[in-house]
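Here is a short briefing on a two-chain model. Please look over the sequence and the structure first, then read the points below.

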Amino acid sequence: MAVTGTLQVPERRQRSRVLRRFFRNRPAVIGGVVILITVLVAIFAPLLAPYDPTATDWGKVRQAPSAEHWLGTDDLGRDSLSRLIYGARASLMAGVVSVLIAVGIGVPFGMISGYVGGWLDAVMMRITDAVLAIPFLILAIALAAFLGPSLTNAMIAIGLSASPVFARLARGQTLVVRLEDYVQAARSIGAPHVIILLRHIFPNILPPILVQATLTIAIAIIAEASLSFLGLGQQPPLPSWGGMLNTARSFLYQAPEMAIWPGIAIFVTVLAFNVFGDGLHDALDPKDE
Amino acid sequence: MLRFLADRLLAAIPTLLLITIIVFGLQQLLPGDVALILAGDERDPAAIEEIRELYGLNDPLPIQYFRWFADMLQGDFGRSLRTGAPVGPMILEKLPITLELAALALLFSIAIGIPTGIISAIRKGSALDYGANIVALSGISLPSFWLGIMLILLFSVQLDWLPAGGYVSPLEDLGGNLARMIMPAFVLGTALAASMMRHTRSAMLSVMRQDYVRTARAKGLSERTVILKHALRNALVPIITLTALQFGTLVAGAVLTEQVFNIPGFGKLIVDAVFNRDYPVVQAVTLATGIGFVLMSLLADIGYFLVSPKLRG
């Protein structure tokens with residue numbers, strides 16, 4: 001008990017210091033609030049949306065904003081505001097799920113590579129280099145093309161394409177942590193490698209991975225919007241911000257307002273994740289200042 | 001020098017080989033029978049078996065891979081499933097259009113990124129630095145295809161100053177070419193400018209801490225000379241290297257930009273190929289960008305080597 005007590009106190013103190021540093025960063029806090037609002041909008045979309053986002057109305061095609069339809073209607077007479085609200089679901093889900101896939105593949109890969117070392121490490125890192133060499137969006141497009149266009153496949157494609165970044169990061173961190181006293185101590189008393197990796201190494205490499213994950217959500221949301229814009233993500237009639245922009249592009253002369261809000265929604269959400277991630281980075285790693 | 005070059009080339013070879021394996025492996029993701037996709041509307045079992053024989057689909061995967069790889073080494077990147085034309089020349093034909101777009105975009109990003117990076121490094125911590133950082137963050141968060149759509153709305157739909165897209169060869173009509181290229185190049189340029197600005201800022205900050213900059217100041221040189229002649233010249237090395245590594249951003253950005261502005265380049269080729277289910281074209285374009293990136297990083301290494309005395313010694 002005494003031992004755990006002395007270990008926990010500095011840890012808790014450190015945590016509150018991190019939180020205090022984070023809350024002093026006003027843009028990061030605003031970013032966090034914006035993310036929270038977007039998440040709430042996505043969850044409560046059925047309550048917030050005034051209309052069914054897929055209900056067409058041929059009598060009300062491409063209408064300008066009005067009291068009835070605040071943001072107007074699209075080319076099939078669907079309410080743009082309702083589609084925008086439901087679109088948050090596709091974007092957030094794609095951002096979070098693809099990053100979970102990337103972390104789930106990349107982090108164990110990198111940890112094993114860095115922990116085992118030797119020729120295995122060399123081979124694993126060459127594989128990482130090769131995947132990193134193919135531009136992120138090109139690889140995602142190619143994967144989505146071969147898997148077939150759907151939101152699920154877009155998330156898999158983005159997740160796979162983003163995983164080498166986490167592999168590299170986890171490997172680098174593992175190489176550092178591997179030499180720490182507590183890992184050496186655990187090894188010397190004969191703890192199994194799995195336990196060492198999970199209990200001793202993983203918690204200590206988590207902070208930079210969290211920062212990277214937040215920033216990668218931002219990248220993944222843009223990637224999903226890009227794939228949906230190209231027709232490789234969320235399939236019509238289901239709404240997504242990228243898909244709405246794809247439709248809007250065909251009606252720039254007839255209904256320019258269709259192109260405005262989905263773009264703003266993507267921009268604000270992505271900016272929020274970027275600012276939040278930067279704040280997290282500064283709070284966890286103050287020596288950078 | 002030769003030794004360094006040889007080392008770099010040797011290190012690039014396994015990466016290149018792995019890229020070919022990944023690109024070849026893509027087709028294993030296809031749901032269902034590849035022969036059926038190749039057959040198109042043909043449903044006769046005998047004909048499908050013939051296709052399977054013709055493409056060697058009955059052979060074990062490693063054999064298929066080596067055949068594909070050997071063809072590629074001879075410059076045969078397969079044939080389009082759509083038109084039957086060889087894929088290699090298809091790509092080469094589109095390349096100059098995308099290269100022009102990329103070159104103009106680089107000019108924009110240099111013109112925007114480097115001066116703002118220098119200013120925010122010199123005025124570190126000032127409102128200007130803070131503002132430039134916000135602009136850079138916004139630039140990273142802005143979906144480039146939406147920026148393109150907004151520019152079309154403003155300059156083509158509202159003001160009617162510029163054509164909304166399309167392509168004219170600069171050899172036929174230089175004015176028309178530039179009028180169509182200026183918006184896409186700006187869109188692609190801003191995607192790069194944000195990271196260029198951040199690289200410039202951090203490179204300038206680390207250079208300005210160096211002894212030779214302090215010496216230059218101590219000699220009584222004007223601040224302008226110190227910054228431009230002594231600091232910037234040395235900071236340019238990491239800026240150029242890091243820019244070379246932005247190759248991926250440039251290519252991916254070109255795909256979206258060409259789609260928005262209807263430019264028949266390299267990026268439009270892959271998107272059209274995806275919709276035509278023209279898998280050999282998708283594979284060849286993916287492979288070309290991967291190889292392109294490896295070559296760019298080799299060039300960056302060599303460039304770094306040439307200007308950095310520490311590595312040379």
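A:Arg168 pairs with A:Asp129 in a salt bridge, with the closest N and O atoms 2.6 Å apart. A salt bridge here is a side-chain nitrogen of Lys or Arg within 4 Å of a carboxyl oxygen of Asp or Glu. A:Arg168 sits in helix H7 (residues 151-177) of chain A and A:Asp129 in helix H5 of chain A, so the pair ties together parts that are 39 residues apart in sequence. Over all chains, the structure holds seven salt bridges.

The model is predicted: local features need pLDDT of at least 70, side-chain atom pairs count only at pLDDT 80 or more, and totals for chains, interfaces and linings use all residues. Residues are numbered from 1 along each chain as its sequence is written, chains are lettered from A and ligands numbered from 1 in the order in which they are written, and side-chain values use heavy atoms, with hydrogens and water left out.

**Chain architecture**

- Chain A has 11 helices and zero strands. Helices (H or I, at least four residues) and strands (E, at least two) are DSSP runs, numbered from the N terminus.
- The C-alpha atoms of chain A fill a box of roughly 75 × 45 × 30 Å along the principal axes.
- Chain B has 14 helices and zero strands.
- For chain B, the C-alpha box is roughly 85 × 60 × 35 Å, again taken along the principal axes.

**Interface between chain A and chain B**

- Chain A gives 41 residues to the contact and chain B gives 48 residues. Contact means heavy atoms within 4.5 Å.
- The two chains bury about 3900 Å² between them, and 82% of it is on carbon and sulfur atoms. Buried area is the accessible area (1.4 Å probe) that two parts lose on being put together, summed over both.
- One salt bridge is found across the interface. A:Asp278 and B:Arg198 form a salt bridge, their closest N and O atoms being 3.7 Å apart.
- On the side of chain A that touches chain B, at least two residues each come from helix H5 (118-133), helix H6 (136-147), helix H9 (193-230), helix H10 (241-249) and helix H11 (260-284).
- H11(A) supplies the largest share of that side, 10 residues.
- By type, the residues of that side are 33 nonpolar, four polar and four charged. Ala, Val, Leu, Ile, Met, Phe, Trp, Tyr, Cys and Pro count as nonpolar, Asp, Glu, Lys and Arg as charged, and the others, Gly among them, as polar.

**Backbone details**

- The peptide bond from A:Pro236 to A:Pro237 is cis, with omega near 10°.
- A:Pro237 lies in the loop between H9 and H10 of chain A.
- B:Asp160 has phi near 60°, a positive value in a residue other than glycine.
- B:Asp160 belongs to the loop between helix H7 (144-158) and helix H8 (174-207) of chain B.
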